[in-house]
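Trainee: Could you help me learn to read a protein model, one feature at a time?
Mentor: Gladly! Let's look at it together.

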Amino acid sequence: MLWIPFTLMAAFMQAWRNAFQKQLSKEVKSAGVTLARFIWAGPLAGAYLWGLYQWQPGELPRFTPLFFGYILAASVAQILATNLMVKLFQLKNFAIGVGLAKSEAILAAALGVVFFSAPLTALGWLGVLLGAVAVFLLSGVKKLRGLSWRTLALGLGSGLAFALTSLWVREASLELGLPFPYGAAWVLLLVISLQTLLLTGWLWLKDRATLRALLARPRLTLLISGCSCLGSIGWFTAMSLETVAMVKTLGQVEVLFTLLISAFFFKEVLARNDQLGLALIVTAALCVMWS
């Protein structure tokens with residue numbers, strides 16, 4: 001059950017990371033906001049891995065071509081997912097943006113069953129479905145037809161890319177075969193480092209103005225990177241212990257944190273479906289834990 005506290009930590013830190021990214025998106029293009037998630041997270045991830053080996057020395061990994069394939073796929077998918085979510089923030093309010101992107105949980109469950117040999121019990125599926133309904137209620141999405149096709153496409157595209165990221169991260173951790181929590185820490189460091197290299201190189205070649213705009217806002221960039229790194233430590237560790245669908249369903253408590261941030265930090269008006277949505281979130285969490 002150790003995956004549960006790691007998931008809750010990840011959800012809390014991710015809610016704050018998204019809030020800071022929304023704030024930065026008012027001043028910096030989406031590619032720059034995406035890079036803010038990674039640029040200082042690499043050194044933090046490196047310090048975390050070093051600290052683990054200082055605390056309790058363990059074996060070093062043996063990398064395989066398949067492992068590096070998972071790392072590359074996860075890195076690119078997470079860059080795409082974050083970029084799409086930032087664009088979504090610019091179209092609708094913060095809570096709706098996160099709500100649509102959280103289609104990740106049900107997409108991860110479906111993909112996990114079909115492609116990754118990660119079946120769920122009936123109770124687990126019930127939790128995933130209840131969580132999906134709860135996310136839409138809490139995000140203020142009352143009618144799908146009330147949203148533009150572009151908003152839906154961005155939200156579902158972001159959710160799909162995040163789901164693939166999570167599944168490939170889990171496969172990379174399993175491929176290493178290291179004991180807990182070393183495998184997840186190695187995957188974290190390599191994914192973040194590759195993402196930073198890819199996105200920084202792209203901006204250096206194509207849009208240096210965005211890179212300069214990001215570096216001109218060090219405090220907000222550091223907050224985003226710090227929250228992102230702590231959140232990723234939680235997600236990567238939890239997913240090395242439990243299936244992605246279970247972790248991401250419990251992680252939907254992030255929407256509760258997002259609602260509170262949306263109301264008190266951004267002063268945004270929320271829907272009146274909160275009590276039912278929160279009850280469904282709790283029920284979904286209990287389902288996946290009991291299953």
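**Helices and cavities**

Mentor: Let's start with a pair: helix 8 passes helix 11 in a right-handed crossing. Helices (H or I, at least four residues) and strands (E, at least two) are DSSP runs, numbered from the N terminus. A crossing is left-handed if the near helix is turned anticlockwise from the far one by less than a right angle, and right-handed if clockwise. This is a predicted model, where local features need pLDDT of at least 70 and side-chain atom pairs count only at pLDDT 80 or more, while totals for chains, interfaces and linings use all residues. Residues are numbered from 1 along each chain as its sequence is written, and side-chain values use heavy atoms, leaving out hydrogens and water.

Trainee: At what angle do the axes of helix 8 and helix 11 cross?

Mentor: Axes are lines fitted to C-alpha atoms, for helices over the stretch in contact, and angles run from 0 to 180 degrees between N-to-C directions. Here the axes of helix 8 and helix 11 cross at roughly 65 degrees and come within 9 Å.

Trainee: Which residues in helix 8 and helix 11 meet?

Mentor: Contact means heavy atoms within 4.5 Å. Ser166, Val169, Arg170 and Ser173 in helix 8 meet Phe236, Met239, Ser240 and Leu241 in helix 11.

Trainee: And how do helix 4 and helix 8 cross?

Mentor: The axes of helix 4 (residues 65–89) and helix 8 come within 7 Å, crossing at roughly 155 degrees. Angles under 35 degrees count as roughly parallel, over 145 as roughly antiparallel, 65 to 115 as roughly perpendicular and the rest as oblique. Helix 4 and helix 8 are therefore roughly antiparallel to each other. Helix 4 passes helix 8 in a left-handed crossing.

Trainee: Which helix gives the most to the lining of the largest cavity?

Mentor: Helix 11 does, with four residues.
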